[in-house]
Amino acid sequence: MSEEKSSVWVEKYRPTKISTIIMPKYFHDYFNKIVESKNVPNLLLYSSTPGTGKTTIAKALVKDLGAEYIYYNASMTNSIEVLRTEIQTFASTSGIHKGKKKIVILDEADGLTEPFQKALRGFIEEFDKTCKFILTCNFIHKIIPALREGRTQEFDFNMNKPEYKQELQEQIFQRSCAILANEKVKYDDNAVRTVVEKHFPSVRKVYATLQKMSNMYPEINESAVKTMENETELSMLLFGKHLSQAREYVSSRNMSHSEVFDNLFKNFVPMVDKMKQPTCILILSKYDFQCSMSVNVDIQIAACMYELITQL
């Protein structure tokens, strides 16, 4: 188990080593070989389902390799100036410790602008000997062909494949039960299996749902599962810091600002660290009021979601 101090289970129990990540044996073999050989390719980890371990793998790799690295969430930072200044400086300079790998993690790379991606193509070639790049994304079609064709090794994190499902569901179930026992939460095995099956393959959703249920009910049982609210998708996206997808979620459902804030109050707030819940409530209240006076409520909603993400 992770030794994170956060009380949010997704972070508290986030694996920090390749060996402890829930994934198929084939995946373990592939990434363990990278660690053992220290031969790191430029990687493009993709899956249409958030919460399947792409970011966790990237961070675990750099830790197991003892690498120097920098991390950027592309849905929040995609200015080409960042590439030309911070990333270029990091990639082009010698490491603090000789022999250490240097890695740039670009999370949610499908949020990068096309000019950024085109410039990144040249960077990957220019700094190949001094720095490697790990990109993660949910929408592979948003990555330009020049980054996919030969410059990165693509790795599909589609855990819904039949050959993976049974193996992974059992791993997630066992890990979930261990977390509940560690948190001294009463639970019924069948109820936990129901949550795992419902939210598979997203480990993030499973943990977040179980934590929310532990705050709402004296015991996680079948009755609690049946009465549990289903409208948690928006909160899950924010919890995973997928700002661009959260905005798309709101837009595609034509949600009013009242519906958004009510949803987040009921679902997002209970998921965060208890010490930060009052701050999140104040953030929601502030933007709810500002929306009543704003000409463009979409901007207020986006700003609110961004500010909530900073509390994680």
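**A helix pair and its setting**

A: In this predicted model, helix α13 (residues 257-267) and helix α14 (residues 277-291) have axes that come within 10 Å of each other and cross at roughly 175°. Because angles over 145 degrees count as roughly antiparallel, α13 is roughly antiparallel to α14.

The residues that make this contact can be listed for each helix. From α13 come H257, F261, L264 and F265. From α14 come I281, L284, Y287, D288 and C291. Sorted by class, the contact of α13 with α14 has seven nonpolar residues, one polar residue and one charged residue.

The phi of N254 is near 50°, a positive value in a residue other than glycine. With a relative accessibility of 68%, N254 counts as exposed, because the cut-off for that class is over 50%.

K38, in the loop between α2 (25-37) and β1 (43-46), has a positive phi of about 60° although it is not a glycine. Its relative accessibility is 42%, so K38 counts as partly exposed. The loop between α8 (189-199) and α9 (203-216) contains P201. There, a cis peptide bond joins F200 and P201, with omega at about 10°.

The helix pair can now be placed within the whole chain. The protein chain has 15 helices and five strands. Its radius of gyration is 20 Å, close to the 20 Å that the globule rule gives for 312 residues, so the chain is as compact as a globular protein of that length. Along the principal axes, the C-alpha atoms fill a box of roughly 55 × 50 × 35 Å.

Burial and contacts complete the description. Of the 312 residues, 51% count as buried. The accessible surface of the protein chain comes to about 15300 Å², and carbon and sulfur atoms account for 49% of that surface. Among contacts between residues at least 6 apart in sequence, 74% join residues at least 24 apart.

How values were computed:
Residues numbered from 1 in each chain as written. Predicted model: local features only at pLDDT ≥ 70, side-chain atom pairs only at ≥ 80, totals over all residues. Heavy atoms only, no water. Axes fitted to C-alpha atoms, helices over the stretch in contact; angles between N-to-C directions. Helix = DSSP H or I, 4+ residues; strand = E, 2+ residues; numbered from the N terminus. Parallel < 35°, antiparallel > 145°, perpendicular 65-115°, else oblique. Contact = heavy atoms within 4.5 Å. Nonpolar A, V, L, I, M, F, W, Y, C, P; charged D, E, K, R; others polar. Rg over C-alpha atoms; globule rule 2.2 N^0.38 Å. Buried < 20%, exposed > 50% of the residue type's maximum accessible area, 1.4 Å probe, protein only. Areas by Shrake-Rupley, 256 points an atom, 1.4 Å probe, with all protein chains shown as cover.
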